[in-house]
Amino acid sequence: MESFLVSTGVVALAEIGDKTQLLAFILAARFRKPVPILLGILAATILNHALAGAVGAAVSAFLGPDVLRWLLGLTFLAMAGWVLIPDSDDGLKTHGGAMGAFGAALVSFFMAEMGDKTQIATVALAARFEALTAVIAGTTLGMMLANAPAVLLGERAAHRIPVRLVHGLAALMFAVLGVLTLLGVGAGLYGA
């Protein structure tokens, strides 16, 4: 349960103000069909995070416990810094428009998540916790918690969220995970 809750919280907070949340606003304004957009986001997130989780599980199986502990700890600390850097919509494009709202959301979100903070976080969380399904479910729920309001409420909701505070909380969560990992707290969760 810890892996699910940590994964949900970290990704939900990290996703606020992220480029994929900006993409959700763009898709909502373009198509004005929230259900197919949300289903496309969900499908893209499950696929993307399942691949990321598989990479994380493979990394944890391949590396020794001490190397993995240091790699994960430093990755979480790097994520703490990265989440504080605001995203912009520069070059953000929707893809799959010929396939309608669902296709545009599916392809655009999948592409936007490649190498994104939440994909890297999913790799690290899957390597940290030996509960791949719980991590994928948690990161997916976190993604949906952040992006569903963007699709349903649109731009006006975005201006009411204190993005700097939320990013600060996400950075704090990543930093705490990094420090705890480096100190070996919960070492049994990643094979040490």
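Helices (H or I, at least four residues) and strands (E, at least two) are DSSP runs, numbered from the N terminus. The structure described here is a predicted model, in which local features need pLDDT of at least 70 and side-chain atom pairs count only at pLDDT 80 or more, while totals for chains, interfaces and linings use all residues. Residues are numbered from 1 along each chain as its sequence is written, and side-chain values use heavy atoms, with hydrogens and water left out.

**Overall make-up**

The secondary structure of the chain amounts to 9 helices and 0 strands, so that, by these DSSP runs, the elements read α-α-α-α-α-α-α-α-α from the N terminus on. Of the 192 residues in the chain, 45% are buried, where buried stands for under 20% relative accessible area, exposed for over 50%, and partly exposed for what lies in between (1.4 Å probe, protein chains only). Among contacts (heavy atoms within 4.5 Å) in the chain with a separation of 6 or more, 89% join residues 24 or more positions apart.

**Nonpolar cores**

In soluble globular proteins, nonpolar side chains tend to be buried together. A nonpolar core is taken here as a set of buried Ala, Val, Leu, Ile, Met, Phe, Trp, Tyr and Cys residues joined through side-chain atoms within 4.5 Å. The largest such core has 20 residues, and those that touch the most other members are Ala24, Leu27, Phe31, Ile37, Ile41, Phe109 and Val151. At least two residues of this core come from each of α2 (19-31), α3 (34-62), α5 (100-113) and α7 (132-153). Another core, of 11 residues, lies apart from it and includes Val6, Ala124, Leu125 and Ala127.

The expected span of a helix is 1.5 Å times one less than its number of residues. For the 14 residues of α1 (residues 2-15) this should give 20 Å, and the end C-alpha atoms are 20 Å apart, which agrees. Ser3, Val6, Ser7, Thr8, Val10, Val11, Ala12, Ala14 and Glu15 are the buried residues of α1, and just after this helix glycine 17 takes a positive phi of about 80°.

Helix α2 has 13 residues and reaches 18 Å from its first C-alpha to its last, close to the 18 Å expected.

Helix α5, with 14 residues, should span 20 Å, in agreement with end C-alpha atoms that are 20 Å apart. Buried in α5 are Ala101, Gly103, Ala104, Ala105, Ser108, Phe109, Phe110, Ala112 and Glu113, and the buried residues of α5 pack against α1, α2, α3, α6 (117-128) and α7. Just after α5, glycine 115 has a positive phi of about 75°.

**Helix packing**

Axes are lines fitted to C-alpha atoms, for helices over the stretch in contact, and angles run from 0 to 180 degrees between N-to-C directions. A crossing is left-handed if the near helix is turned anticlockwise from the far one by less than a right angle, and right-handed if clockwise.

| Helix pair | Angle between axes | Axis separation | Crossing |
|---|---|---|---|
| α2 and α5 | roughly 165° | within 10 Å | right-handed |
| α2 and α7 | about 35° | 8 Å | right-handed |
| α3 and α5 | about 35° | 7 Å | right-handed |

Angles under 35 degrees count as roughly parallel, over 145 as roughly antiparallel, 65 to 115 as roughly perpendicular and the rest as oblique; α2 and α5 are therefore roughly antiparallel to each other. Their contact involves Lys19, Thr20, Leu23, Ala24, Leu27 and Phe31 of α2, together with residues of α5 that include Gly100, Ala104, Ser108 and Ala112. Towards α7, the α2 residues Thr20, Gln21, Ala24, Phe25 and Ala28 meet Met143, Ala146, Asn147, Ala150 and Val151. Where α3 packs on α5, the contact residues include Pro36, Ile37, Gly40, Ile41 and Leu47 of α3 and Ala101, Phe102, Ala105 and Phe109 of α5.

**Two individual residues**

Valine 107 lies in helix α5 and is partly exposed, with a relative accessible area of 27%. Its C-alpha atom is separated by 8.0 Å from that of glycine 40, 67 residues apart along the chain. Threonine 133 has its place in helix α7 and counts as exposed at 65% relative accessibility. The C-alpha atoms of threonine 133 and phenylalanine 4, which are 129 residues apart along the chain, are separated by 8.5 Å.
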